[in-house]
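Biologist: I would like to go through some local features of this protein. Please take them one at a time.

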Amino acid sequence: MSLEQKYRLLEAIPDLAGAQDCELLGRDLKSGQPVVVHLLAGGQSAENVALLSRMGLLTPAHSRNVLESGEFRGRPYVVTEVLPGNLTLRMWIGLVAPEPELPPVMPQAEPRLDVKVKPDLEATRTMFRPVLRADSPAAAGPQPAQAEAAPPVQLAADAPALPGEFTRLFQAPSQPAAPPPTPPPPPDA
């Protein structure tokens with residue numbers, strides 16, 4: 001059913017080529033309830049699409065005021081009850097509908113021109129060169145390694161292994177603990 005078949009407009013429909021929204025008073029033909037027909041300027045502009053999507057975020061108490069939305073002669077419209085304070089649709093939605101959550105924008109660091117991307121390899125090679133004295137063994141060059149062999153440790157197969165000091169700290173004592181003292185008998189009354 002079209003807009004003109006559901007609602008009786010109490011005002012003449014203005015020229016729809018205008019750049020402004022227009023609000024027209026009317027009545028619901030079934031219930032006789034007063035309504036406001038909001039004709040949105042700009043067709044399917046991004047601003048109108050955002051407004052209509054914010055209407056979907058209305059609380060149930062506020063969404064009762066919105067009766068219908070659609071398109072009339074190529075222009076989006078919204079039919080509402082008479083809004084409090086005779087506000088325009090855009091002002092009312094701005095007051096009662098939450099702002100849609102936008103994805104967070106990650107700030108981008110600006111390139112710094114004073115930072116070297118590649119380090120100067122020659123400078124790093126010479127920067128940490130140790131100073132060697134002529135009489136030091138390192139100055140003479142690398143010497144062949146002379147490994148001193150440590151004597152092998154021989155374990156006696158028949159000797160019992162004893163726990164180390166750390167293990168002994170956490171072992172239970174070998175003697176049973178003394179029983180706790182008995183409490184004194186209760187005094188006679």
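Biologist: Is Arg73 buried or exposed?

Modeller: This is a predicted model, in which local features need pLDDT of at least 70, side-chain atom pairs count only at pLDDT 80 or more, and totals for chains, interfaces and linings use all residues. Residues are numbered from 1 along each chain as its sequence is written, and side-chain values use heavy atoms, with hydrogens and water left out. Buried means under 20% relative accessible area, exposed over 50%, and partly exposed in between (1.4 Å probe, protein chains only). With a relative accessible area of 58%, Arg73 is exposed.

Biologist: What is the phi of Asn86, and where does Asn86 lie?

Modeller: Most residues other than glycine have a negative phi. Asn86 has a positive phi, near 50°. Helices (H or I, at least four residues) and strands (E, at least two) are DSSP runs, numbered from the N terminus. On that numbering, Asn86 lies in the loop between strand 5 and helix 4.

Biologist: Which residues of helix 2 are buried?

Modeller: Helix 2 spans residues 46-55, and its buried residues are Asn48, Leu51, Arg54 and Met55. They cover an arc of only 125° around the axis, so they are on the same side of helix 2; the arc is that of the directions from the helix axis to the C-beta atoms. What covers these buried residues includes strand 4 (66-72), strand 5 (75-81) and helix 4 (89-96).

Biologist: Which residues does Asn65 touch, not counting those up to four places away in sequence?

Modeller: Asn65 is in the loop between helix 3 (60-63) and strand 4. Asn65 is buried, with a relative accessible area of 15%. Taking contact as heavy atoms within 4.5 Å, Asn65 touches Val79, Thr80, Glu81, Leu83, Pro84 and Trp92.
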